[in-house]
Amino acid sequence: MNREYHHWYSPRLGRDMEFLVFGHAGAKVLVFPTRDGRFYEYENLRIVETLQHKIEAGHLQLFCVDSIDHESFYCFWSQPKDRIQRHMQFEEYILNEVMPFMEAKNPHPCTIVHGCSLGAYHAANMAFRHPQRFQKLVAFSGRFDLTLEVEHFKDLFNGYYDDNIYFHTPSHFLPNLTDQNQLNQISRMDITLVIGKEDPFLHNNREFSHILNQKGIRHGYYEWDSRAHQGYYWRQMARLYI
């Protein structure tokens with residue numbers, strides 16, 4: 001299986017960024033890691049191994065990017081307005097540096113955006129904000145509202161709220177979205193949401209699925225037994241849904 005390591009200095013982030021590529025052809029899969037994950041997490045969790053037959057057959061090519069969540073959402077010494085600004089710089093890095101690289105390397109017309117846990121938030125946020133860029137969204141164990149307080153999970157903005165947070169919270173901006181062109185682009189995506197029945201964000205996922213239904217956006221929504229919030233389950237999910 002083809003495996004490539006890439007890195008460059010990102011002028012949008014002001015730092016070096018690394019990522020891994022697996023495969024040589026097929027649908028491009030932009031993979032975001034979990035909150036504490038790095039660009040090699042998907043490989044370490046053996047999800048790449050789970051998908052190896054599809055990768056070697058040229059059906060999928062994975063682009064596993066790095067995270068800066070501890071410089072944005074989890075940078076608690078920084079002001080909340082600066083946390084969301086740092087996240088927005090990360091989005092610019094993905095849109096204007098990573099995705100052009102993906103497109104230059106692989107002309108396949110299908111781009112899938114995918115992640116687990118906080119990576120699922122990143123994937124969903126990108127997909128619903130920029131649906132023209134993606135043909136498929138696959139989100140495992142996701143949290144679609146970073147302002148929620150559930151169990152030991154806190155509001156990542158400490159009660160602060162502004163337009164930037166609103167427009168980067170899919171379960172907030174989507175109910176009010178009236179741009180028919182954007183709604184049409186979202187509707188043509190293949191959308192899959194998977195959550196464990198004991199996951200703390202089960203209600204958030206159910207609510208988000210309800211929002212999609214209200215908007216007439218077809219999607220697959222699946223609840224798995226137990227918490228299902230770890231590599232053992234994500235490997236099984238990847239085999240079924242990617």
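Arg 46 is placed in the loop between helix H1 (41–44) and helix H2 (47–50). The model described here is predicted. Although Arg 46 is not a glycine, its phi is positive, at about 70°. The relative accessible area of Arg 46 is 42%, so this residue counts as partly exposed.

A positive phi also occurs at Ser 117, a residue other than glycine, with a value near 60°. Ser 117 belongs to the loop between strand E5 (111–116) and H5. With a relative accessible area of 16%, Ser 117 is buried.

## The largest pocket

Ser 117 is also among the residues nearest the centre of the largest pocket, together with Arg 35, Leu 118, Phe 153 and His 229. The lining comprises 13 residues in total.

## Aromatic pairs

Phe 32 lies in strand E3 (residues 27–32) and Phe 90 in helix H4 (residues 80–105), so the pair ties together parts that are 58 residues apart in sequence. Phe 32 and Phe 90 are both buried.

Phe 73 and Tyr 121 form another edge-to-face pair, for which the values are 5.6 Å centre to centre and 80° between the planes. This pair links distant parts of the chain, 48 residues apart: Phe 73 is in the loop between strand E4 (60–65) and H4, whereas Tyr 121 is in helix H5 (residues 118–129). Phe 73 and Tyr 121 are likewise buried. Elsewhere, Trp 8, Phe 19, Phe 63 and Phe 101 make up one aromatic cluster.

## Cysteines

The number of disulfides is zero, where a disulfide requires a pair of cysteine sulfur atoms within 2.5 Å. For Cys 64, the closest cysteine sulfur is that of Cys 116, and the two sulfur atoms are 10 Å apart, which is too far for a bond.

Cys 64 is buried, its relative accessible area being 2%. Cys 75 is buried as well, with a relative accessible area of 4%.

Definitions and conventions: Residues numbered from 1 in each chain as written. Predicted model: local features only at pLDDT ≥ 70, side-chain atom pairs only at ≥ 80, totals over all residues. Heavy atoms only, no water. 1 Å grid on protein atoms, 1.4 Å probe; cavity = no way out; pocket = protein on both sides within 12 Å on 5 of 7 lines; lining within 4 Å. Buried < 20%, exposed > 50% of the residue type's maximum accessible area, 1.4 Å probe, protein only. Helix = DSSP H or I, 4+ residues; strand = E, 2+ residues; numbered from the N terminus. Phe/Tyr/Trp six-rings, centres within 6.5 Å; stacked < 30°, edge-to-face > 60°.
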